[in-house]
Amino acid sequence: MKTPKKIMLTGNKAAAWGARMARVEYVPAFPITPQTEIVETLAKWFADGTMQGKFTNMDSEHSMFMAAGSAGATGVRVFTASSSQGILHGLESLYTVTGWRVPMVIVNVSRALATPITLEPDHNDVMSTRDCGLIQLHAETCQEVFDFILMGYKIAEDPEVCLPLLVNLDGFYLSFTREPVLIPGEDEVRNFLPLYTATQPVFQASQPMARASAVFGGVTYTSFKLQQELASRNAEKIFAKTAHDFKDRFGRYYGPVETFHLDDAEYVFVMSNSFATKGKSAVIKLRQQGIKAGLLKLRLFRPFPSEAIASVLAGHAKVAVIDQNLAPGMGGITYPEIVTALYDKKNRPEKILSVIGGLGGKDMDDQDFRTIIETLDKSNMGKPLFLYDEEDAKNFDRLLKIAKLKEVSS
Amino acid sequence: MKVLTGAYRKIKDLHPHEAIAPGTGLCAGCGGLEGLRMALKELGDDYIICNAAGCFTLLSVYPFTPLKGSWLYTTMGGPTPAAQGVRDALDIRMRHRGLEEKENLNVIVVAGDGSSNDIGFGATSAAIHRGLDFIYFCYDNEAYGNTGFQLSAASPYASATQTTPSTDVHEAGTEINKKDLFEIWKAQKPVYLATVSPREPIDLSNKFAKASHLKGPRMFICMSPCPTGWGFEPKEAQLIAKLAVDTGIFPVKEYYEGEVVHTVRPRKRLPVEKFLERQKRFRHLFKPHRQDVVIKHIQQRVDEYWGQYE
């Protein structure tokens, strides 16, 4: 494709296009719903010569991430994708390859975790990778998915970073939703993201090296972990640099967070990924009713842009952090991170509510957002707020009644 | 008996090149290390070892490596997929990115019997299925050695391990038979498959020399007498390895082009006791009282095995 084009793509297809335009050379793959469309698309492009390199069908996500990492350490541009149980199955490998300090882009198509087993999205899968050292970008739209993959390689491959990067998109809500996506011309992309040349030594005969050797003693271990921490911190700076470069070339700017009707907002919803679209819609409706609502969308999730988040949330009275994930016995996983970011701000919000919603793809409707506002207005909020109301309980009961597991009340 | 047409007939023919520097963190008398040392003589220095968690992980402890070639520690179940990634990346760079052939590497997996038979088994089967061009070196010390000698699927019947001790209730210790990894791998028809013993250096060297000229999955199981786990003096490692072959307990063989050939055959098999009685892991078969039934059972299995080929 020589010139920019706007085409209708699902989130999955946008991800595949991202890998294609980034001139990815290697894709080790393993299928899992709702991600499979990505690797199917890439398999076809490698098979018909559209993409140059190799597509390898692997035997598990554990193997897949391992092959991805070792190929990265051997000097090729690597892409792979997974979801849900696959992320959990591959988690040991993910921790391993982040420690190898190899750049690559991984797409996670969020899907809730068993048990119970289901297909629809929430973020416990991607949150399980929170601490393994991946750089993480969370996408709301198909355009963001595509753009984040291009930006992702630029960030991951920066000599100051050299870490794998994960782009997250929601299963079903985004993976199978068509949106118009601007695909830039090949030359434009090439100017932004040249063909891959490793900046670190890679495996080849002329440069033998031992990598990932065992260490003894906390000092050596800590030295390596500290380097990983510093590299991840660097990624925030490199993200900013890359975002400006991207804007200059393609006209779209991505900050580490996105604000929506935030300036005068009294109530702020903190959200991420595709449900942020639902949040934005709710903000518009609430504002039509005279309620000053606004929204903060998280984009860069690792490294955690504490200052960027705190500086925009400070000064707003009431904040609800909506987590589409659950740490049972604790609440939302991002909530404590947001609260920590705000702790030393003088004008921090009076109230910060933890909200759990959208689990297993459970919809969030306007009533849910009104419930959040009402809870924020209470003197004692109770926490966290679990978005599960009487109507939901009735629906669950109805299911039991159909299966005759519960008496039908007369 | 078919004789290998290898280049080596005498010990002094073997390559003088040393590919592993002395002074590693491995135990004195490790049979597997001796096997790897001789294997690498045949494979040259342009290699990468993808290593599974296990005893041999101690070969490279930061910031040292005894190897002339490259090393990548992976995970306990991940050395073979790591080998896949390296192989694929080198192929891509040679085909599309102008990497010169002289930069190519022999991709080698080094894994213990626990990784090979248990946690990494599926991933390795998958690599054979894909026809991965690599060499797999399994050092088989017949238990999880690095963690202190617990049962693996390669632990033989009647050996005592930390998790299958011999007790009054379970006198034999391990009550199940060793998994036949050779036969399982053979079922997938790898291009080459062999068992090797550090006590048979000429046979071992000829096999690696032969394998080095082939392409595809080349699988090796190296009998690895383990002084600490098996319970013998390090200086006896070679003797133990020899007895394993001479009693017929460890068949030295290869599978190539659809045929299994025993490349070293004991002329007259010694009784299995000669191998068993020298190791602490089998001591319960002799003390406090002799477990004739168990010993007989071991002998019977060895005789049955060789009976197929005699």
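1. In which sense, parallel or antiparallel, do strand S5 of chain B and strand S7 of chain B pair, and over how many bridges? Strand S5 (residues 192-196) and strand S7 (residues 252-256) of chain B pair in the antiparallel sense, over three bridges. Within this pairing, Leu193(B) has Tyr255(B) of S7(B) as its bridge partner. Two strands are said to pair if DSSP finds at least two bridges between them, and the helices (H or I, at least four residues) and strands (E, at least two) are themselves DSSP runs, numbered from the N terminus.

2. A word on the source: this is a predicted model, in which local features need pLDDT of at least 70 and side-chain atom pairs count only at pLDDT 80 or more, while totals for chains, interfaces and linings use all residues. Residues are numbered from 1 along each chain as its sequence is written, and chains are lettered from A and ligands numbered from 1 in the order in which they are written.

3. The strands S5(B) and S7(B) belong to an open sheet of nine strands with mixed pairing, in the order S9(A)-S2(B)-S1(B)-S3(B)-S4(B)-S6(B)-S5(B)-S7(B)-S8(B). Its edge strands, each of which pairs on one side only, are S9 (210-211) of chain A and S8 (259-264) of chain B. Strands of a sheet pair through backbone hydrogen bonds, either parallel or antiparallel.

4. Where the sheet passes from chain A to chain B, S9(A) and S2(B) run parallel and are joined by two bridges, with Ala210(A) standing opposite Trp71(B) of S2(B).

5. The contact between the chains takes 39 residues from chain A and 40 residues from chain B, where two residues are in contact if their C-beta atoms, placed from the backbone, lie within 7 Å. On the side of chain B that touches chain A, two or more residues come from each of S1 (47-51), S2 (70-73), H2 (79-96) and H4 (121-129) of chain B, and H2(B) gives the largest share, 12 residues. This side of chain B divides into 19 nonpolar, 14 polar and seven charged residues; here Ala, Val, Leu, Ile, Met, Phe, Trp, Tyr, Cys and Pro count as nonpolar, Asp, Glu, Lys and Arg as charged, and the others, Gly among them, as polar.

6. Chain A is divided into domain 1 (5-250) and domain 2 (257-396), with bounds that come from an automatic or database domain assignment. The contact between these domains takes 28 residues from domain 1 of chain A and 21 residues from domain 2 of chain A. On the side of domain 1 that touches domain 2, the largest share, five residues, comes from H9(A).
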